[in-house]
Amino acid sequence: MAGRIEDYALIGDLQTAALVGRNGSIDWLCFPRFDSPSCFGALLGGKENGHWLLAPVNATECTSRSYVGDSLVLETFWETSTGTAKVIDFMPQRDATPDVIRIVEGISGSVDMRGELRLRFDYGRVVPWVRRTDNQRVAVAGPDSVWMRDHPSIHSYGKGFATIAEFTVRAGERLPMILSWMPSHYTVPPGQDAEKSLRETLDGWYEWSTKARYQGPYQDLVMRSMIVLKSLSYQPTGGIVAAATSSLPEQIGGERNWDYRFCWLRDSTMTLSALLRGGCIEEAVAWRQWLLRAVAGDPAALQIMYGVGGERRLPELVAKWLPGYEGSVPVRFGNAAVEQLQLDVYGEVIDTLHTALEAGIPTERHVWGLVKALMDFLEGHWHEPDEGIWEVRGGRRHFVHSKIMCWVAFDRAVKMAEATGMTAPLARWRWTRDAIHADVCAKGYDPELGAFTQYYGGKTLDAATLFVVKTGFLPPDDPRVVSTVKAVRDGLSHDGFVRRYSTGTANDSAVDGLPGEEGAFLACSFWLADALVAIGHKEEARALFEQVAAISNDLGLISEQWDPRAGRQLGNTPQAFTHVALVNTAFLLAES
Ligand SMILES: OC[C@H]1O[C@H](O[C@H]2O[C@H](CO)[C@@H](O)[C@H](O)[C@H]2O)[C@H](O)[C@@H](O)[C@@H]1O
């Protein structure tokens, strides 16, 4: 069975990522891209769906683990009755092939180790043919081949459709094991020097983290979050995925299981804003190029998400053969939300382009062309109902957050035109901006509830209405802002952990179209902290930030949601949204 979500460490090579459990098992890995079918899928089933265990014989959980400095190189320590060993896990920054390298180092005495490698291609379904060639093994099925090379002193043999390795590591020894993916019609991958790859990988991360350095409170957490955000960027194109996984449940045993291995414009723009705050200019430029390529052709028909290469079709399918994380089914790959209308996305994109301009990245002509095409579309559509930030599946509504973000789009577009002197229908944009503002104030605030509501005419709260102050839509001392912040705090929090909206009643599921409940949405807790700072409750904000940040795992990783009753992480992991929100709140607290 898979471990708890917070048991997993992340390793990656800026094109894909793997999750390593506290028991030494890699339970999730998709080759060669984030959104490729997995070859290790035990996370969503059992070991028969693919995994790679490497641990001392009979050990169940490591003694400790940590990343090497500001890198994504993981060191897992094992103390046993006969000695201590560590396993160094990493994915070298990509050359010809994607690789996972595990170096077993003896620290004291000697430790008997055991490896268990089960490759299962196509999301845990296909058992490959494995054969030995020279000093390596190769597993082949369909388009995939995986090559396995071990140090000569590692004895391995095939058993029960798995490759078993048994060996002893003694103090001072370093024994590498290398796994490389190749398209199956290629021949042997180039040889790899594990130690050299390790040095280069560490150098790469150190070089990046020197540029991204953040100085301030919660230093380690913020830097780790920035590294996570970087690791979710797909280097060849500049696209950024929302999380490394699919179908980790928002309720254990429930149906709210989604695939996050795609580039949501919302999540990626927020990621960029956080990286930009941390001084990462290159990523912003690369993402903007990705965006321009992705939307080229018909920019007005903006999709809310794309594949990392800019792909437009991400059909959602149910993997009936996978039993799901702790029985949470269906397991989904692809995401039907791609078809939705989510008007907030226009605001997030324009806001990020405006932030980039403010950070000194000039708005070139073709970027301005995109802005104008998006604004043209929005002028004709802002007043329509949509599926909103939460991607509801219960039908379109006039979500207040979507309208606020439409206002953001016009507000920032006007500011960009003013700052750059680029041509624009400024009078019309200003008029529409003010019309949206008036519409939201008239239809989005409920004096009885004392808050902005989830949608026009609704009677329920939504944490996304906190954007009313985050975006500058209303000033922080406006009584409607203050009362909304307090209403969200009092009405959606569970011991400080904020739900995005309420779930569990018939009315709630009519809105989101889904049965069951879910955990507290961690980004919303950070948004509440931001809003508390804005209305002057700084100490309360700080306490909330610390409480929420404390649920990150031993490595500083956080998933999408938290179950306050069971005290465990829920949802896909590590999730960009949550790490972005953490970074932003830390900056805000530092500045305030
Ligand atoms: O709640 C239902 C929806 O949940 C997912 O969307 C959430 O994750 C997205 C990626 O992080 C985020 O952009 C969005 O705001 C969240 O609601 C899922 O991807 C949707 O398909 C699903 O309808």
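Domain bounds here come from an automatic or database domain assignment. The model is predicted.

**Exercise 1. State how the protein is divided, and find how far apart the domain centres lie.**

Step 1. Read off the bounds: domain 1 covers 5–206 and domain 2 covers 212–591.
Step 2. Take the centres over C-alpha atoms; 34 Å separate domain 1 from domain 2.

**Exercise 2. Describe the contact between domain 1 and domain 2.**

Step 1. Count residues on each side: 27 from domain 1 are in contact with 35 from domain 2.
Step 2. Locate the elements on the domain 1 side. Strand 1 (9–12), strand 2 (17–20), strand 6 (64–67) and helix 1 (121–124) each supply at least two residues.
Step 3. Sort that side of domain 1 by residue class: 14 nonpolar, seven polar and six charged.

**Exercise 3. Decide whether Trp 287 is buried or exposed, then place its surroundings.**

Step 1. Find the element: Trp 287 lies in helix 5 (residues 281–295).
Step 2. Apply the cut-off. A residue is buried if 20 or more other C-beta atoms lie within 10 Å of its own. Trp 287 has 24, so Trp 287 is buried.
Step 3. Set aside neighbours within four places in sequence. Trp 287 is then in contact with Gly 238, Ile 240, Ser 268 and Leu 272.
Step 4. Trp 287 and Pro 447 are 160 residues apart in sequence, and their C-alpha atoms are 41 Å apart in space.

**Exercise 4. Characterise the residues around the ligand.**

Step 1. Sort the shell: eight nonpolar, one polar and four charged.

Conventions:
Residues are numbered from 1 along each chain as its sequence is written. This is a predicted model: local features need pLDDT of at least 70, side-chain atom pairs count only at pLDDT 80 or more; totals for chains, interfaces and linings use all residues. A residue is near a molecule or strand if its C-beta atom, placed from the backbone, lies within 6 Å of it. Ala, Val, Leu, Ile, Met, Phe, Trp, Tyr, Cys and Pro count as nonpolar, Asp, Glu, Lys and Arg as charged, and the others, Gly among them, as polar. Helices (H or I, at least four residues) and strands (E, at least two) are DSSP runs, numbered from the N terminus. A residue is buried if 20 or more other C-beta atoms lie within 10 Å of its own, exposed if 12 or fewer, and partly exposed in between; C-beta atoms are placed from the backbone. Two residues are in contact if their C-beta atoms, placed from the backbone, lie within 7 Å.
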